[in-house]
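Colleague: I would like to go through this model with you. Could you put the sequence and the structure up?

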Amino acid sequence: MFERTSVNVLLDNPQEIVHLKDSFNVEDISVEGLAYHVQGPAVFEVDMAHTGDGVLVYGTVSLPTRVACVRCLEEFDFELFSHFEVLFFLKPTFDEEGDELPSADEMGYIALFDELYAALRVEAPFAPICGDDCKGLCPVCGANLNEESCDCSNKPDPHHPFAGLADLIKPED
């Protein structure tokens, strides 16, 4: 796995645009306790350009994963994909809160992996759904409503806190 990427060619030739296309391995990603199981290498394609104050890196990164649907709990393939842009300053730079912004080190290297990984994590949904038509699980018996039907939802629960409201609805003649 690469950790640092040299930007020295851009520092020596500010008019250049450097194009990188590569892949790297990453471990499973966890977001709010939800595991995205990695199915292959992350693939990125970026362009890097000298901006005067730093190096602008922009492009795409994608990662094939497998994750459980929050409605039906079945695992499905999900591609994490991000368009991203990040400016690496040539000297250590801090924001208003005092946090250090991405910057090149004294040898002319940037931590591109960290930014690519962050871009993937940001794109991971907190509640992934296998499809817009996912029916989920029956709240009574737990049946996967995508695979089978049940009549639990047709039976009123007399102990439900809103069960008394059913008496207010008159069937149409």
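Modeller: Buried means under 20% relative accessible area, exposed means over 50%, and partly exposed is in between (1.4 Å probe, protein chains only). The model is predicted: local features need pLDDT of at least 70, side-chain atom pairs count only at pLDDT 80 or more, and totals for chains, interfaces and linings use all residues. Residues are numbered from 1 along each chain as its sequence is written, and side-chain values use heavy atoms, with hydrogens and water left out.

Colleague: Is Thr5 buried or exposed?

Modeller: Thr5 sits in strand β1 (residues 5-6). Strands (E, at least two residues) and helices (H or I, at least four) are DSSP runs, numbered from the N terminus. The relative accessible area of Thr5 is 12%, so Thr5 is buried.

Colleague: Which residues are in contact with Thr5, leaving aside neighbours within four places in sequence?

Modeller: Contact means heavy atoms within 4.5 Å. With the sequence neighbours set aside, the list for Thr5 is Leu20, Met48, Gly108, Tyr109, Ile110 and Leu112.

Colleague: Which residues have the most contacts inside the largest nonpolar core?

Modeller: A nonpolar core is a set of buried Ala, Val, Leu, Ile, Met, Phe, Trp, Tyr and Cys residues joined through side-chain atoms within 4.5 Å. The largest one holds 34 residues, and those with the most contacts inside it are Phe24, Tyr36, Met48, Val57, Val61, Phe84 and Ile110.

Colleague: Which elements give two or more residues to this core?

Modeller: Met48 is one of the residues with the most contacts inside the core, and its contacts beyond four places in sequence include Leu20, Val57 and Ile110. The elements giving two or more residues to the core are β2, β3 (29-31), β4 (34-38), β5, β6, β7 and α2.

Colleague: How does the strand pairing run, and which residue in β5 is the bridge partner of Ser23?

Modeller: Two strands pair if DSSP finds at least two bridges between them. Strand β2 (residues 17-24) and strand β5 (residues 42-50) pair in the antiparallel sense over eight bridges. In β5, Ser23 has as its bridge partner Val43.

Colleague: Which phi does Glu32 have, although it is not a glycine?

Modeller: Glu32 is in the loop between β3 and β4. Its relative accessibility is 70%, so Glu32 counts as exposed. Its phi is positive, at about 50°.

Colleague: What about Leu73: which phi does it have?

Modeller: Leu73 lies in the loop between β6 and β7. Leu73 is exposed, because its relative accessible area is 56%. Leu73 is not a glycine, yet its phi is positive, at about 70°.

Colleague: How far apart are the closest N and O atoms in the salt bridge of Asp77 with Arg66?

Modeller: A salt bridge is a side-chain nitrogen of Lys or Arg within 4 Å of a carboxyl oxygen of Asp or Glu. Side chains of opposite charge can pair when their charged atoms come close. For Asp77 and Arg66 the closest N and O atoms are separated by 2.8 Å.

Colleague: Where in the chain do these two partners lie, and how many residues apart?

Modeller: Asp77 is exposed, as its relative accessible area is 57%. Arg66 counts as partly exposed, at 27% relative accessibility. The pair links distant parts of the chain, since Asp77 is in strand β7 and Arg66 in strand β6 (residues 54-68), and the separation is eleven residues.

Colleague: Which residues are linked in a network of salt bridges?

Modeller: The whole structure has two salt bridges. Arg66 also bridges to Glu75, with the closest N and O atoms 3.6 Å apart. Glu75 counts as partly exposed, at 40% relative accessibility. The network links Arg66, Glu75 and Asp77.

Colleague: Which residues does Ser82 touch, not counting those up to four places away in sequence?

Modeller: Ser82 is in strand β7 (residues 75-89). Its relative accessible area is 3%, so Ser82 is buried. It touches Gly59, Thr60, Val61, Ala119 and Glu123.
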